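Please read the points below with the sequence and the model at hand.

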Amino acid sequence: MALDTLLLYDIDKIRKDFPILNERINGKPLVYFDNAATTQKPASVILALKSYYETMNANIHRGIHSLAEKATAEYELTREKVREFINSPASDLIIFTRGVTESVNLVAQSYGRAFLKAGDEVIISTMEHHSNIVPWQMICNEKGAILKVIPINDAGELLMDEYDTLLSSRTKIVSVVHVSNALGTINPVKEIIAKAHEVGAVVMIDGAQAASHSYIDVQDLDADFYALSGHKFYGPTGIGVLYGKRELLDKMPPYMGGGEMIKEVSFAKTTYNDLPYKFEAGTPNIADTIALRKGIEYMEAIGFEAIAEHEHVLLAHATNMLTSFPDVKIIGTANQKVSVCSFTIEGVHPQDIGIILDSEGIAIRTGHHCTQPLMDRFGIPGTARASFALYNTKEEVDQLGKGIEKVLRMAK
Amino acid sequence: MTENKIESVENELVENFALFDTWDEKYEYIIDLGKKLDQLPQEYKTAERKIKGCQSSVWLVSELKEGLVHFTADSDSVIVKGLVSLLIKVLSEKTPDVILNANLDFMSKIGLMQHLAQTRSNGLLAMVKQMKLDAMAYKSQQV
């Protein structure tokens, strides 16, 4: 049966597409619940990496020979696939980066350095990943701009009234996460963007956690910048995306200088290449970019509605399981959330939870999840986080339940 | 205090761990040691005494009494507390020289390094490093 004809899908068949799911950890079958950190890769992505090096390795764009043309064509096919994936109006607005971290730094260092002035304000939120905090702190410090933070409620939802009061004519940039990595909260980014535009600010969205769970439509959102990390949605590590509106990208100075990003170079003057190459200095990450397309195609073949439905079932099952333990507290209970369950166990350090679950072959994340200000907001050092992907099963969630029983037995 | 003394404690630990067939039993033993270790009074849990490199908080206190270094420690992770208690069993109440020269073979012999993931091992190594730094500080005071 073709994948796209399945409504919900044949999970056994899906799991066979991910070779790593056959691994045994500490003698137990791997239960991989660290998907918010990075998802596993389907065989098609792994094969694309291998076959690139075996059949078409060449430096792209300038080569005149057939291999270079083949590699260039494949590389640019991914750009077109990403354009379609996030509904960008044009493929030259898709800039390849190493991931969200580089994308945010690019915007902060290029747009921020060119257009921020002393006294201007940049708004982020309490639930940002460090990668969407530190680049803004750096450029704000440099320019004398002020960083403002949207607070959250106890469920882990942005306080939109507070956001309204932060916005003013001084606001120049708003940069918020689409989906929280630590809490799973889906933020109302369309509303956030519309409100920022009313005061003339540009908005950057960190989409690292959004891409594996849902359609992204940058035009519908009216996002000025949108960033992705390929490895968070079934693609390879080391490849990411920055989308930007043309009028913004056009007026931004290059972020890095080097080959590929130039039109003409003399010692007196250099003219820069057109979009997107202006922002892609040096030989890019060709293999991973080519394989990224296979990851997107894999999700498309299953269907985003089916993936979302499947993950929703897992989230509901896990939430029920976790709330059945009196000592377990879920951190992040937003009305709108993806399949991420952060939790604490009364009297047990998250690290001990992680170590004991690992002995059962269950991989979760423990710690502050690169969101220390958010952990401070909840007054905790960290959480244990189980995050679910399209290949996880209810049986695996039950395994987690048994693992938590073991944690309580051993560590309490 | 001699080098042999350290080795006999290490050998005893290696023998104890050899009695366990499964990792669950080893972890249970480590956790049990952690639970038995005295809690540090709150006033000792300061930022300066906190060891960097661990996901959990570990506080190490040392003092020199009659030429021997006494270590006490605490952690908010019961497993880490168990691990640090192993180090204390081996290194506490030894001369600074013995502590500085200890190669702590027992950690690999009981499989601690192989079975603890990188970040956790780093935490353990950070603890050893801090204990040796303290010993070095006491040694320099003695000269």
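The numbered points below treat the basis of the model, its domains and chains, its helix packing and its backbone.

1. Basis of the model. This is a predicted model, in which local features need pLDDT of at least 70 and side-chain atom pairs count only at pLDDT 80 or more, while totals for chains, interfaces and linings use all residues. Residues are numbered from 1 along each chain as its sequence is written, and chains are lettered from A and ligands numbered from 1 in the order in which they are written.

2. Domains of chain A. Domain 1 of chain A comprises 3–32 + 303–411, and domain 2 covers 47–300; such bounds come from an automatic or database domain assignment. The C-alpha centres of the two domains of chain A are 28 Å apart. Between them, 22 residues of domain 1 of chain A are in contact with 22 residues of domain 2 of chain A, where contact requires that the C-beta atoms of two residues, placed from the backbone, lie within 7 Å.

3. The domain 1 side of that contact. Two or more residues each are given by helix 11 (304–323), strand 14 (340–345), helix 13 (372–378) and strand 17 (383–387) of chain A. Helices (H or I, at least four residues) and strands (E, at least two) are DSSP runs, numbered from the N terminus. Helix 11 of chain A gives the most to this side, with 4 residues. By class, the side of domain 1 of chain A that touches domain 2 of chain A has 11 nonpolar, 7 polar and 4 charged residues; Ala, Val, Leu, Ile, Met, Phe, Trp, Tyr, Cys and Pro count as nonpolar, Asp, Glu, Lys and Arg as charged, and the others, Gly among them, as polar.

4. Chain B has 7 helices and 2 strands, in the order α-α-β-β-α-α-α-α-α from the N terminus. Contact with 11 residues of chain A is made by 13 residues of chain B. On the chain B side, helix 2 (23–36) and helix 3 (78–91) each give two or more residues, and helix 2 of chain B supplies the largest share, 5 residues.

5. Helix 10 of chain A against helix 2. The axes of helix 2 (residues 43–55) and helix 10 (residues 286–302) of chain A come within 8 Å and cross at roughly 155°; axes are lines fitted to C-alpha atoms, for helices over the stretch in contact, and angles run from 0 to 180 degrees between N-to-C directions. Helix 2 and helix 10 of chain A are therefore roughly antiparallel (angles under 35 degrees count as roughly parallel, over 145 as roughly antiparallel, 65 to 115 as roughly perpendicular and the rest as oblique). Among the residues in contact are A:Ala48 and A:Tyr52 of helix 2 and A:Ala291 and A:Gly295 of helix 10. This contact has 9 nonpolar, 2 polar and 1 charged residues.

6. Helix 10 of chain A against helix 3. Helix 3 (residues 66–86) of chain A packs on helix 10 of chain A at an angle of about 45°, with the axes 8 Å apart, and the two are therefore oblique to each other. Their contact includes A:Leu77 and A:Phe85 in helix 3 and A:Leu292 and A:Ile296 in helix 10. It divides into 8 nonpolar, 2 polar and 3 charged residues.

7. Helix 12 of chain A. How many of the residues of helix 12 (residues 350–359) of chain A are buried? The count is 10 of the 10, so helix 12 is largely enclosed by the rest of the structure. Just after helix 12 of chain A, A:Gly361 has a positive phi of about 80°.

8. Backbone points to inspect. Most residues other than glycine have a negative phi, and most peptide bonds are trans. A cis peptide bond, with omega about 0°, joins A:Leu275 and A:Pro276; A:Pro276 is in the loop between strand 12 (270–272) and helix 10 of chain A. A:Glu260 has a positive phi near 75° and is partly exposed, with 18 other C-beta atoms within 10 Å. A:His369 has a positive phi near 60° and counts as buried, with 22 C-beta neighbours inside 10 Å.

Key. A residue is buried if 20 or more other C-beta atoms lie within 10 Å of its own, exposed if 12 or fewer, and partly exposed in between; C-beta atoms are placed from the backbone.
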